[in-house]
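Hi everyone, thanks for coming. Let me put the chain up on the screen, and then we can walk through a few parts of it together.

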Amino acid sequence: MEQKTVNIKEKTLNPANGFLMLFVGLIGLIASTVACVFGIIHLAAEKFLSGGIIFGASMLGWVFFGIMLAGLKVVKPNEARIFTLFGVYHGTVKSAGFHYVNPFCSSFSPTYQAAKAEAVQRAKESAKQGGNGTTTVPVSKAISLKKQTLDNQRQKVNDILGNPIIIGAIVIWYVDNPTQAVFSVENYHEFLSIQTDSTIRNVARLYPYDIFDEDDDFINEQEKTLRGSALEIAEMMKAELQKRVDSAGLIIEEVRITHLAYAEEIAAAMLQRQQASAIIAARKKIVDGAVGMVKMALDKLGEDNIVILDDERKATMVSNLLVVLCGNRDAQPIINSGTIF
C-alpha cells in the first residue's frame, strides 16, 4: 500500500504580550500567597468554613498561575518556534520577542530531539564506564531561519570517463518554511546532507575531470569539464538539489565546489599525462616557429643573392637550423674556415 505524505499548512500565531501576562501571573501568585495567609489566620481563629475556603482558593490560585507562567516563551531574531497542542499542530511563531502562548503547548524541533537522543546514549555509555551518567542538551528547541553552511565531506566519484576523483562541496542554505521542514521529513539536517551527497555524485559523474586529447571526438562533445567549468556545474548541482529539498521547505542559496582532485591510485599517472600533453603542445609551437624562421632565412638569402644554394645544400641547411632551433640544449657551433662546397 502506497504511503501518502500529508502536507501541513503553516499557521502563524499571534501570541499575547509576554510581559503583560508575566505581570498578571506574578500578581496572581502574590494574591494567592496573601489569601493563604488569611486562610491560616481564619483557621487559627477556628473559623473553619471561611478559613478552609480561603486556603483552598489560594492553593488553586498557586496551581493556576503556576501553570499559566509556563506559557511564557522567548523567540530570538531569525528564529521560529513550532508549537503542538496534545500532539496536534497548533501554530508557528516567527516574530522575535517575549510572548505568551497556551501553557499546554510544547515546542517541537527535530534537531533538539536528535540531540536529546544522542545525549541519552552518551549518558548510558558514560554510566557503563563508571561515570555519573548525566549530560546536558545545549540545543535550543527553536528552528533557526539563519543562513547555514553544510560542509559536504569529500567523496570518491567516477567521472564520465571512469576516472576516480575526489570531490567535495559546501552548501549555503536556510529554512524558508519551518513548519514544512519539521513535519515533512524526520530530520531536515540529515535529509539535506544525504540529498547533497547524492546530488554531487549524480552530477559529477556526467562530466569528465578534464580534456586532454583534442582529437578525441568523444571528448570534444563534452563542452564542460569539472575542472574548467566548476561554476556552471555548481549551478547545476544547486538546481538539482533545490528540487530534492523543496518538499522540506529549504532554500539552497549556493553550492560551491571546494575540493577537486584525482584519486590517489591514478593521480601520478594523470600527472604524467598532463605533463606529456603540455610538452607536446610546447613542441608544436616550437616547430611552427622554427619552420617559419627557416623559411624566412632561405627567403632572405635568395632575395639578396648572398649565397646561392642548390637543393641538396638547402636541405642540409634546413636540417641544421631545425636541429639548432628545436633542440633542448644550446648549440655548439663549429667554424668552417674553408669553402662550404
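Predicted model: local features only at pLDDT ≥ 70, side-chain atom pairs only at ≥ 80, totals over all residues.

Residues are numbered from 1 along each chain as its sequence is written, and side-chain values use heavy atoms, with hydrogens and water left out.

Back to our pair: α1 covers residues 18–44 and α2 residues 48–68, and their axes come within 8 Å and cross at roughly 160°. The axes are lines fitted to C-alpha atoms over the stretch in contact, with angles from 0 to 180 degrees between N-to-C directions. The two helices are therefore roughly antiparallel, the word for angles over 145 degrees. And what sits in the contact of α1 with α2? Its residues divide into 15 nonpolar, twelve polar and no charged; here Ala, Val, Leu, Ile, Met, Phe, Trp, Tyr, Cys and Pro are nonpolar, Asp, Glu, Lys and Arg charged, and the others, Gly among them, polar.

Stepping back, the chain has nine helices and eleven strands, which are DSSP runs numbered from the N terminus (helices H or I, at least four residues; strands E, at least two). Of its 341 residues, 30% count as buried, that is, under 20% relative accessible area, with exposed over 50% and partly exposed in between, using a 1.4 Å probe and protein chains only.

Is threonine 196 buried or exposed? At 1% relative accessibility, threonine 196 is buried. Threonine 196 belongs to helix α5, residues 188–204. Beyond its neighbours within four places in sequence, threonine 196 is in contact (heavy atoms within 4.5 Å) with Leu150, Asn152, Val171 and Leu241.

Now look at arginine 256, in strand β11, residues 250–262. With a relative accessible area of 41%, arginine 256 is partly exposed. Setting aside neighbours within four places in sequence, arginine 256 is in contact with Gly168, Ala169, Ile170 and Ile172.

Finally, confidence: pLDDT is the predictor's confidence in each residue, from 0 to 100. The chain has a mean pLDDT of 78, and 68% of its residues reach 70 or more. Over residues 214–222, pLDDT stays under 50.

Key: Parallel < 35°, antiparallel > 145°, perpendicular 65-115°, else oblique.
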